[in-house]
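Here are my notes for you. Keep the structure open and look up each residue as you read.

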Amino acid sequence: MRAIVVGGGLVGSTLAGKLAADGHDVVVVERNRLLLTDLSDRLDVKTLAGNGATVPVLLEAGIEECELLFATTDSDEANMVVALVGSALFHVPRVVARLRDSGHQESFRALAAEGGGQRLAINPEQAAVERILSLLPVPGAVDVVPFLDGRLLVAGFNIPAKSDFDGLLLSHLRLLFPATPMLVVAIRRKGRWIVPHGEDEIRADDLVYFALDPEHVDGVLALLGRSRPAGRNVMIAGATRIGVELAETLEGRGVPVTLVDERRAACEEAAARLDRTLVIHGLPTDRDLLEEEGIAAVYGFVACTEDHEVNVVSALLANRLGAGQTFAVLDNPAFVDLVGELGIDAIISPRLLSVSLALQFVRRGRVRAVAALLDDVVEVMEIEAAALSRLASGRLAEIGLPKGVLVAAVQHENRIAVPGGGDRIYPGDRVLLITTSGDAGRLDGFLGG
Amino acid sequence: MNVRFDVLLVGWLMLLVGTFLCVPLGVALFIGDSAVPYLVAIGVAAGAGFVLVRSFATEDRRIRPADGFLVVGGTWLVVSVLGAIPYVTAGVLGLEDAFFESVSGFTTTGSTVIADVTMVPRALLLWRAMTQWLGGMGIILFTIAILPLLGIGGMQLFKAEVPGPVADKVQPRLASTARSLWAIYVGLTALEWLALKLAGLGGFEALCHAFTTLATGGFSTRNTSIGEIGLPAVEWIITLFMLLAGINFVLHFKIITGRWREVWRDAELRYFLGVAALATVVVTVVLHRPGQALLETLRVASFGVVSILTTTGYVSVDFELWPQLALLVLLILMVLGGMSGSTGGGIKSLRALLSFRSLRVMMQRLIHPHAVRPVKFGGVVVNEAVLSGIWAFLTAYALLALFGAAVVAACGYDLLTSLSSALTAIGNVGPGLGDVGAYDNFAHFPAAVKLVLAFLMLFGRLEIFTLLALFMPSFWRR
């Protein structure tokens with residue numbers, strides 16, 4: 001499938017790499033020639049220098065036979081033009097535009113809808129806010145994705161060396177901890193992903209993804225040797241789009257919020273927009289200030305200033321000063337692993353999140369929700385079993401699920417259960433399936449056949 | 001300052017007052033009373049106005065903020081003097097009493113020096129009610145509505161006359177704004193007149209009371225005010241219309257144009273209605289006696305509370321017989337007053353609300369020295385300049401009230417009388433407590449006290465700064 005990516009920055013290049021790995025023919029259009037040479041060296045994609053918002057350049061990139069168009073430059077306006085030209089003029093079947101401004105998103109939806117086809121507007125900051133909001137209730141998780149209307153969480157934890165999980169066989173999990181029903185859906189060990197079976201075991205330093213009921217989060221935390229922080233307060237460093245939007249949502253839920261920023265004007269703007277949030281003018285790396293504002297008793301600390309190095313430093317400081325959990329916004333992929341080891345609970349990368357969202361949009365077939373975990377390798381799909389689907393044709397052990405596919409949960413008549421080989425799925429059930437992107441094709445074949 | 005044009009405007013307004021005086025003249029002629037008192041007043045107003053308009057004609061029509069103060073302050077003084085003439089020429093009152101009564105009328109205060117209003121000719125009673133009605137929505141605003149001569153500079157006058165810290169336009173053009181506000185005012189007055197008539201009041205009395213209710217004035221055609229009428233329905237109707245008159249007329253405009261939601265979200269309105277409800281509950285609880293009908297206690301309490309809170313000053317019972325706690329509630333309401341942009345007086349709900357909020361913010365700043373916390377109203381940050389203006393206003397209000405109380409006390413009156421008469425004057429309420437209570441009048445005060453109280457009324461109606469500016473030496477030196 002021909003895909004055109006306009007914009008060769010972090011989002012564009014990462015996306016282009018993943019699309020190429022998925023087997024698409026990718027053309028990257030970028031104005032900056034320096035970026036392009038680097039790109040064509042690293043990735044198996046075609047590059048084109050020029051303004052992707054103009055028709056001649058898009059024609060040269062092959063927009064007429066293109067099926068996927070991504071507008072990922074840093075400018076909302078440029079992305080808007082690219083997306084509108086693609087949808088209205090060339091009727092590209094699927095168009096994704098990265099738009100930060102909600103006003104732009106609205107006009108995009110209204111205008112792009114006319115060309116027909118599937119359209120998606122991605123807001124990286126909004127995605128980051130949603131990610132932080134789903135992470136906050138699960139302290140210590142590096143990744144949390146809600147499924148089945150939030151009644152089931154898929155949450156990833158780093159396994160510490162001296163925890164109850166170290167060396168545990170998965171098939172023993174249910175027997176040992178009957179009070180805390182959970183299912184291991186994926187394990188990342190030394191950079192490799194495993195969709196596990198009962199004979200696999202959990203080891204220290206693994207990144208393990210559990211499917212669990214939100215009510216049992218505290219039980220899993222206890223097994224990991226962690227506990228839920230006592231406070232309710234959330235402290236946010238950085239009155240940025242992410243910071244202010246997060247504060248707005250949290251204060252709407254009745255959570256006390258403290259927002260710190262060193263820029264006076266940003267503070268005033270935030271204070272004008274927020275009602276109950278305490279806006280503090282000061283450095284997020286000022287130890288005395290953080291202590292004065294009660295960092296030791298906060299439930300969570302979110303560092304989301306424009307300066308990502310400052311985010312790392314202030315999150316580490318907050319962790320040292322006793323914050324319940326710490327998050328840092330950080331886009332540089334090279335840092336992600338490094339920082340995780342220092343004691344920051346989770347890294348949020350708005351740019352990589354938008355790449356994930358774009359990929360999910362591309363990979364989505366008839367499935368209801370897809371989340372690509374961390375490296376976009378493991379996919380969780382929420383689907384509804386059709387009447388004649390092979391899923392509902394017999395006991396799970398007998399229906400011939402392809403290798404590397406795991407049924408994580410089944411919602412049958414409002415009850416959610418983790419099924420065993422003897423259980424069966426009925427038409428109308430909602431099913432959570434886990435697979436890797438390498439095996440996704442086989443799963444699609446199974447579901448389609 | 002464009003003094004030439006300012007004097008010209010005052011001249012025009014004198015002509016306008018002369019025109020209004022034709023109404024009592026017509027009534028006097030119609031019912032066969034003596035027309036002379038009104039003819040003299042019309043003669044003075046028209047003559048002086050004509051001279052000013054002729055001799056100060058100018059093409060330069062620029063108005064700066066200072067001109068706004070001069071025109072508005074000057075107009076209100078001159079109009080008060082003109083309005084006093086009929087009382088004197090009709091032989092009802094002496095000079096200083098007539099001035100007091102006229103100022104009390106135009107400023108919608110409603111304190112009276114007339115011991116027995118039943119002896120006053122009907123045409124004069126109508127004029128007395130009319131002064132309140134004209135003063136309520138503002139005589140300058142009326143001028144802006146009907147006379148195009150003010151042009152662009154009218155905003156300075158509008159700001160100087162409209163009650164409240166911020167003047168709101170409801171239409172893009174000032175003249176249409178003024179017309180809309182006056183239209184609502186006239187409409188509500190007509191509605192109340194009709195309601196009162198249906199409730200059993202005579203046409204003339206209904207008109208006088210409709211005039212003085214919508215203006216939150218409080219002059220009555222009965223010696224002991226509304227209670228003497230003895231109709232519960234009339235009391236309920238008046239309570240309702242007093243409350244409406246105490247609400248910002250911009251909100252009335254929004255209701256009429258179907259913007260209900262904005263009205264409901266208005267924080268000042270919620271606060272104003274909240275205060276009224278809370279005070280009513282407190283007074284009802286304090287007043288209620290076993291065996292009494294609750295509805296009756298509620299009627300008496302809500303009438304008293306709304307009358308004082310909106311600074312109307314009607315009386316349905318002798319509230320001085322109430323328990324002390326109820327009296328204290330009334331004294332507090334006297335200070336709080338109506339909403340900004342209403343016809344009510346006092347410090348205005350918006351100022352009270354914003355000063356509470358800024359107090360709260362100040363306390364938070366003590367705990368969090370680095371906090372950035374603005375004072376907000378309706379989701380919008382309130383300018384620091386507006387806030388300091390409010391604090392300055394409250395200070396000036398308190399100082400003027402204390403000064404007034406000191407003058408009254410110096411003349412040998414007790415503390416309650418002194419304090420309440422100063423507060424009732426500057427708040428444009430009407431009755432006070434002690435020797436100026438519900439069934440008393442202000443006739444027994446010496447001339448000096450009457451003059452001081454009359455000026456407090458003008459200060460209160462013009463929101464202090466407009467008039468205070470005229471007393472600053474630097475104002476005249478520029």
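1. Start with the salt bridge. This is a predicted model. Across the interface of chain B and chain A, the rule finds 1 salt bridge. The two side chains in it are those of A:Asp275 and B:Lys376. They meet at 3.2 Å, N to O. The pair counts as a salt bridge because the cut-off is 4 Å between such a nitrogen and a carboxyl oxygen.

2. Now the residue classes. On the side of chain B that touches chain A there are 5 nonpolar residues. Polar contacts between chain B and chain A come to 9 residue pairs, with both residues at pLDDT 80 or more.

3. Next, the extent of the interface. In chain B, 10 residues are in contact with 17 residues of chain A. The size of an interface is often given as the accessible area lost when the parts come together. Between chain B and chain A, the buried area is about 1000 Å². Carbon and sulfur atoms give 53% of that area.

4. Turn to a sheet in chain A. Which order do its 5 strands follow? The order is 7-8-13-10-11, the sheet is open, and the pairing is antiparallel. Strand 7 (141–147) and strand 11 (192–194) of chain A stand at the edges. Each has a single partner strand, so one side of each is left without a neighbour in the sheet. On average, neighbouring strands of this sheet are turned by 20° against each other, direction ignored.

5. Last, one strand pair. Strand 7 of chain A pairs with strand 8 (residues 152–158) of chain A over 6 bridges, in the antiparallel sense. To see one bridge, find A:Pro146: its partner in strand 8 of chain A is A:Leu153.

Terms used
Residues are numbered from 1 along each chain as its sequence is written. Chains are lettered from A and ligands numbered from 1 in the order in which they are written. This is a predicted model: local features need pLDDT of at least 70, side-chain atom pairs count only at pLDDT 80 or more; totals for chains, interfaces and linings use all residues. Side-chain values use heavy atoms; hydrogens and water are left out. Contact means heavy atoms within 4.5 Å. Buried area is the accessible area (1.4 Å probe) that two parts lose on being put together, summed over both. A polar contact is a pair of N or O atoms within 3.5 Å; within protein, one must be able to donate a hydrogen and the other to accept it, and residues adjacent in sequence count only if both atoms are side-chain atoms. Ala, Val, Leu, Ile, Met, Phe, Trp, Tyr, Cys and Pro count as nonpolar, Asp, Glu, Lys and Arg as charged, and the others, Gly among them, as polar. Two strands pair if DSSP finds at least two bridges between them. Helices (H or I, at least four residues) and strands (E, at least two) are DSSP runs, numbered from the N terminus. Axes are lines fitted to C-alpha atoms, for helices over the stretch in contact, and angles run from 0 to 180 degrees between N-to-C directions.
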